[in-house]
Structure formats: C-alpha cells, structure tokens
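I opened this notebook to record what I looked up in the structure. The entries follow in the order of my searches.

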Amino acid sequence: MKNTHWILAFAFLALAVGVGAQDRPDVVLADFEAADYGEWSATGEAFGTGPATGTLDRQMQVVGYRGERLVNSFLRGDGTRGTLTSPYFDINRKYITFLIGGGNHPHKACLNLLVDGEVVRTATGRNDEHLELGFWDVSALQGKPARLQIVDQVTGDWGHINVDHIVLTDKKPDIPVERDRLLERANRAVADAAGRAATDPRRPAYHFLPAAQWMNDPNGTIFHDGYYHVFFQHNPYGDRWGNMHWGHARSRDLVHWERLPIALWPSKGRGEDHVFSGCAWKSGAGDVLLFYTSVGSGRPNEQWAAVPLAADLLEWRKHPKNPLITTKRADGPDFGAGMRDPFIFEAGGKTLMVVGADTEDEAVVPVYEAADETLGAWKYRGILWRTPKTVMKFPECPNFFPLGEKFILLTSPYRPVEYRVGTLDLDSFRFSAETEGRLDHSQQYYATNIAFDDAERCVLFGWIRGFPSGHGWNGCLALPRVLTLGDDGHPRQTPVPELQKLRENHRRLEAVPLKSGTTRVEGVKGDTVELLASFDPGTASRVGLRVRCSPDGSAAKEIAFDRMTITAAGEAFPFKLGPDEDTLTLHVFVDRSVLEVFINERACVTRVLDSDPAHLGVEVFATGGEATLRSLDVWTIRGIW
Ligand code: FRU
C-alpha cells in the first residue's frame with residue numbers, strides 16, 4: 001500500500017471509532033413535556049394519566065426537573081403504586097443520561113433499562129425531592145432494542161420516584177462528586193432566597209442569622225485560632241425545619257459575624273438524610289473535628305464525625321471511621337433509635353462524650369470515653385444522668401461541662417432549657433445534681449451550646465425560635481451570654497460585654513420618682529434598643545418597662561415585676577427579690593421581633609414579638625403605689641450586617 005492509502009485508511013478508522021462517534025447528536029428519548037405519556041404505557045395508579053406539572057399535593061418541593069413537567073409518582077401520596085414503560089428504541093449511543101429524584105428503594109422505586117425483558121441497568125433517587133443527573137454506560141449494549149421502565153412498587157416513606165429528561169448521548173456527563181454537588185446546590189439555594197429575607201421588617205438586625213432560610217440549634221461552637229466558630233442546624237431549601245445541614249459562621253468579637261459556606265451536608269449516597277446537632281473538639285494532634293448525629297430513614301441514629309480539609313475549618317470531609325457510635329453496642333445497653341446530639345467535655349484527664357437518649361421508661365444521658373487521642377473510637381462508660389420519663393421525655397442537646405468548682409448539665413427537654421449543677425464521680429461516671437432550674441424561662445430560647453474562649457470565659461449560645469414562616473428566614477442565634485456560677489450554686493448569665501460596641505445615642509435618667517401610672521421616655525425610640533433599668537419598687541405593686549409601644553401607648557410589649565412574678569411579653573414565671581436585694585435590674589435587648597431580658601443576672605427570658613413596625617416607643621411604669629427608677633440607660637443599637 002502506498003503512503004497515501006495508509007493515511008486515508010487511518011483517517012477513516014479515526015472517524016469510525018472516535019471523532020465521528022463524538023459528533024453524533026444526542027437523542028432525547030423522553031422529556032415528559034406533554035399532558036399525556038404519548039407512547040409510554042402506564043399501569044397502576046401512581047403515575048396517573050400524564051406527567052406532573054411539578055410538586056404534587058402534600059409533597060416537599062420538587063426541583064431540578066427540566067421544563068414544565070416530569071414523571072412524579074407521588075400522585076395521592078406514597079401509598080400508590082404502578083409502572084410506566086417506554087416503547088422500544090435502539091441503543092445507539094454510549095450513554096443514557098436522566099434526571100432522577102424521590103425514594104431510595106433499589107428495584108422497588110426505580111428507573112430500569114430492559115433488554116430482552118431483563119433489567120440490565122437500574123437507578124433510584126436518594127430520598128430527596130431534588131432531581132439529580134444520573135447516567136448509565138451502555139456501550140456494551142450497542143444496537144440492542146431496549147425499553148425503559150419507571151417503577152413504583154413501594155408504599156410508605158419515600159415510596160415514590162421522580163424522573164425527567166432521558167437522553168441517548170455519546171458525551172459522558174461530568175458529574176461532580178456528591179459533596180461538591182450538594183454543597184454547591186445548598187449554598188446557591190440560600191443565596192437565591194437572601195433578597196427576600198432581607199426586606200422583612202421583623203428580621204433581627206444585630207442577632208446572628210444566616211443570609212436566608214431556616215436555622216435551629218447552634219452546633220460545634222468552638223474558639224479556635226482567634227475566632228469563635230458557630231455552626232448551626234440549617235435548612236438551605238426553606239424557612240421551615242428540614243434537610244438538615246450545618247451552616248457556618250465565625251466572629252472575632254462575638255458581635256460581628258462572617259457568614260461562611262455551608263460546612264456539612266447529608267451524605268445521600270450513604271443513606272444519610274440529615275446532619276443533626278453536635279459539637280466540635282480538638283484531637284490530640286490539634287485538629288478540630290466535628291461530631292454530629294447522622295440520621296437516615298429506616299435506621300437508628302448514629303454518631304458521626306467530620307474532618308477539616310484545611311486549618312481554616314472552611315471545608316470538611318466525613319470521618320473515614322463513621323459511624324463512630326451506634327445505638328447497639330457490644331459493651332452497653334441499646335439506647336433508643338433517636339439517640340442524638342453528641343457533646344464532648346474533659347474531666348480527670350479523660351475526653352468524654354455525652355449524648356441525649358432514652359430507654360423505655362427513662363430519659364438518659366449516656367457517656368463515652370475517647371479510646372485514644374484521635375477521637376476516632378469511643379468506649380461506653382455508663383449513664384451519666386437519668387430521670388424517669390414522667391419527669392422528662394427526652395434530654396435534647398445535653399451540654400455537660402465544668403463550671404466554677406462544679407459541673408453543670410444543660411438539657412433542652414421539649415420545654416425551656418433546664419440546668420442542673422452538681423458533682424461528677426469520675427469512677428462511676430455518675431453526675432449528682434444539687435441545684436436545678438430553668439436557664440431561660442421561655443421555650444423560645446432552646447438547644448444551647450457553649451465555647452470556652454482564651455480568657456477562659458464560658459460563652460453560652462442558644463437558638464431563638466417561634467418566628468412565623470413564609471418570609472424567607474426563620475430562627476436566629478440568641479445574644480452570646482457569659483455563663484458563670486453564683487455563690488448560691490445557681491448559674492448567672494450576662495450578655496457578652498463586647499456587645500457594648502454597638503451602642504449609640506445614649507440617654508440616661510436618674511432618680512425618677514414613679515407615681516402610679518405610665519411615663520413615656522422622651523427622646524428614645526426604636527426597634528433596635530438596649531435598656532438597663534434599676535427600680536426600687538417602693539410601695540408599688542407592679543413596676544416595669546414597656547417597649548415597642550404604639551404612639552398612643554395602647555399597644556406595647558411589657559416587662560413587669562409584681563414582687564412574685566416577672567411577666568415578659570406574655571411569658572410569666574416566679575421571681576422574688578432576695579433578702580439582701582432592694583433593686584430590680586432589667587437589662588433588655590429589643591431587636592425588631594426579638595426580646596431578651598436579663599433580670600438581676602439570675603433569670604433570663606427570651607421572646608419573639610409580633611409588634612407593628614411603627615411601634616417604637618419606650619415607657620416606664622409603676623402601679624398601686626410609688627416606686628423609684630434609680631437609673632435608666634438607653635441606647636439605640638447598630639445593626640451588624
Ligand atoms: C433540637 C433538635 C436536636 C436535633 C436537631 C435537629 O432542636 O431536635 O435534638 O439534633 O434539633 O435539627
């Protein structure tokens with residue numbers, strides 16, 4: 001053969017196996033944009049008579065499909081079943097790509113490729129209403145006649161499947177790894193909702209909250225390399241609870257916060273649906289690890305960890321030894337499937353972890369000891385604290401740590417956060433409580449976490465809940481508080497002094513006699529204000545402050561003391577002055593729809609307000625006698641965003 005022939009032959013071959021193959025255009029097998037299924041045939045009820053126009057009744061929001069319609073077998077809920085089968089087509093490309101979402105039930109809720117009546121490829125959703133790109137390599141099946149079949153033969157949780165846009169193609173789709181894909185998607189969802197959230201007049205101006213969407217518990221609070229890090233339960237996809245991720249922010253001063261990319265995502269490919277609450281702790285090597293509860297449908301909760309990719313703690317990967325702790329263990333009892341919220345502390349040179357759990361008749365706080373400095377293995381050490389279920393249903397978010405000369409246990413038991421102060425026996429790992437009470441008198445303050453900083457202060461974080469949904473945001477962090485132990489064995493809480501840097505427009509009144517009645521504080525107005533008021537109750541039967549007052553004073557949020565009770569914006573609880581106390585001090589923070597009140601440093605109450613944006617006045621009052629306002633300091637507070 002002549003040279004030219006060789007070149008020609010080579011060129012022809014190249015065309016046949018490579019270049020030419022890549023040039024073949026894609027074939028869309030189905031994009032389900034018509035009102036009916038066309039040549040596809042349906043059996044059963046789940047698929048109805050044609051593609052759905054998106055989310056169906058009672059379904060979480062379905063996203064990620066193309067165009068206006070998709071196959072969605074949630075018709076009349078998860079209880080319906082059926083199949084949807086395509087006509088025959090020839091496999092004449094290397095790949096079949098598709099968008100798929102819904103349940104993760106292999107062979108029961110799935111998309112199948114059938115050749116000669118046999119299932120040769122299959123795919124499922126990941127218990128997620130987001131349709132994701134999937135593909136099969138079908139190069140080994142070239143030329144075969146085939147059919148596609150969408151199957152929903154499962155009822156109950158996630159018993160449905162979503163499919164759209166099925167394509168024959170020669171181009172291998174470039175699917176980023178799950179972590180990158182899910183984080184990118186979640187961060188984008190929050191950014192997309194931020195504009196709407198920002199315009200709500202209820203949205204707090206100097207409390208931390210994410211750019212948009214839902215947040216609950218503060219997680220993994222830790223002081224590290226000059227920063228306070230706060231992670232938090234976060235639903236990037238809505239302003240109600242769901243899709244738990246860990247959001248992330250950091251601050252140098254506990255006042256100004258830098259919002260950071262979402263840190264932890266549910267590893268759908270490993271059956272993880274939610275990343276629940278937890279903590280951060282440094283390993284022996286000095287790495288900060290995150291510990292959390294992994295929640296997957298159909299399995300008991302597990303305790304997992306995550307490892308930072310770099311020292312800045314911005315990016316994380318899941319710990320290779322997950323799960324670190326499961327409910328069933330050879331060395332301990334079987335705690336309920338809902339065991340959750342790991343919290344680590346140190347005592348007697350040991351690194352210990354408590355978790356909230358329950359047995360048939362008790363709420364329990366089991367304790368585990370780190371087997372070594374890597375914190376990758378834990379040994380069961382017994383039950384640190386227990387109480388009958390008649391006393392407490394479940395100890396959510398247990399925080400246990402040394403405070404002063406004692407240990408303190410905080411629990412969030414589906415009611416206001418409770419504290420118990422006492423001693424820990426390091427041989428038996430048993431905690432004995434000596435005093436107890438409510439850390440905050442409203443259950444709108446919930447799910448605490450703490451961080452010890454370089455000044456050895458114990459900084460307390462909590463979640464404020466109870467906001468209305470439908471505004472693109474929901475939930476914020478309570479103002480960080482310094483937690484100490486009083487001489488009486490009960491905790492003391494004060495807002496961190498760093499917050500004072502947000503003060504402006506100071507006004508001070510002194511020694512004001514309060515005759516029975518209400519006095520408007522002139523020259524002071526606002527929906528972001530701080531007030532520090534000291535009262536001598538004198539002969540009055542009630543004294544207090546009114547904030548967010550309407551111009552005529554008829555509407556207001558009142559903080560009142562009647563010698564037996566404090567009532568703050570409708571929440572009442574017992575409070576008395578001690579034998580040596582002749583002053584009632586109310587330290588009040590108003591931040592649009594948030595009210596936080598510190599009473600003589602030993603009681604706190606947090607409230608979500610529904611005030612009209614135009615109600616900005618401040619008043620003091622006394623009734624039934626004469627009192628003295630010893631002093632009143634008022635500031636307006638600058639926003640932090
Ligand atoms: C407390 C809590 C935790 C759980 C998390 C889930 O508010 O229920 O027990 O880990 O929220 O978001």
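Entry: I began with Phe401, which counts as buried because its relative accessibility is 1%; buried means under 20% relative accessible area, exposed over 50% and partly exposed in between, with a 1.4 Å probe and protein chains only. The model is predicted, so I noted that local features need pLDDT of at least 70 and side-chain atom pairs pLDDT 80 or more, whereas totals for chains, interfaces and linings use all residues. Residues are numbered from 1 along each chain as its sequence is written, and side-chain values use heavy atoms, with hydrogens and water left out.

I then looked up Phe343, which is buried at 4% relative accessibility. The ring centres of Phe343 and Phe401 are 6.2 Å apart and the planes stand at 45 degrees, so the pair is tilted. For the terms, I noted that rings of Phe, Tyr and Trp (its six-membered ring) pair if their centres lie within 6.5 Å, and that planes under 30 degrees apart count as stacked, over 60 as edge-to-face and the rest as tilted. Phe343 belongs to strand 21 and Phe401 to strand 25 (residues 396-403), so the pair ties together parts 58 residues apart in sequence. Strands are DSSP runs (E, at least two residues), numbered from the N terminus.

**Entry: other aromatic residues.** I found 25 aromatic pairs in the structure. In one of them, Phe32 and Trp40, the ring centres are 5.1 Å apart and the planes are at 70 degrees, so this pair is edge-to-face. Phe32 is buried at 6%, and Trp40 is buried at 10%. I also noted one aromatic cluster, formed by Phe231, Trp246, Tyr292, Trp304 and Trp316.

**Entry: the ligand.** I listed the residues around the ligand (a heavy atom within 4 Å), among them Asn216, Trp241, Phe276, Glu396 and Trp463. By class, this shell has five nonpolar, three polar and four charged residues. Strand 12 (213-224), strand 16 (274-282) and strand 21 (340-347) each supply at least two of the shell residues. A polar side-chain atom of Asp341 lies 2.5 Å from a ligand oxygen atom; for Arg340 the value is 2.8 Å. Taken alone the ligand exposes 320 Å², of which the protein buries 92%.

**Entry: Asp358.** I placed Asp358 in strand 22 (residues 350-358) and found it buried, at 18% relative accessibility. Its side chain makes a polar contact of 3.1 Å with that of Lys389; such a contact is a pair of N or O atoms within 3.5 Å, and within protein one must be able to donate a hydrogen and the other to accept it, while residues adjacent in sequence count only if both atoms are side-chain atoms.

Methods: Areas by Shrake-Rupley, 256 points an atom, 1.4 Å probe, with all protein chains shown as cover. Helix = DSSP H or I, 4+ residues; strand = E, 2+ residues; numbered from the N terminus. Nonpolar A, V, L, I, M, F, W, Y, C, P; charged D, E, K, R; others polar.
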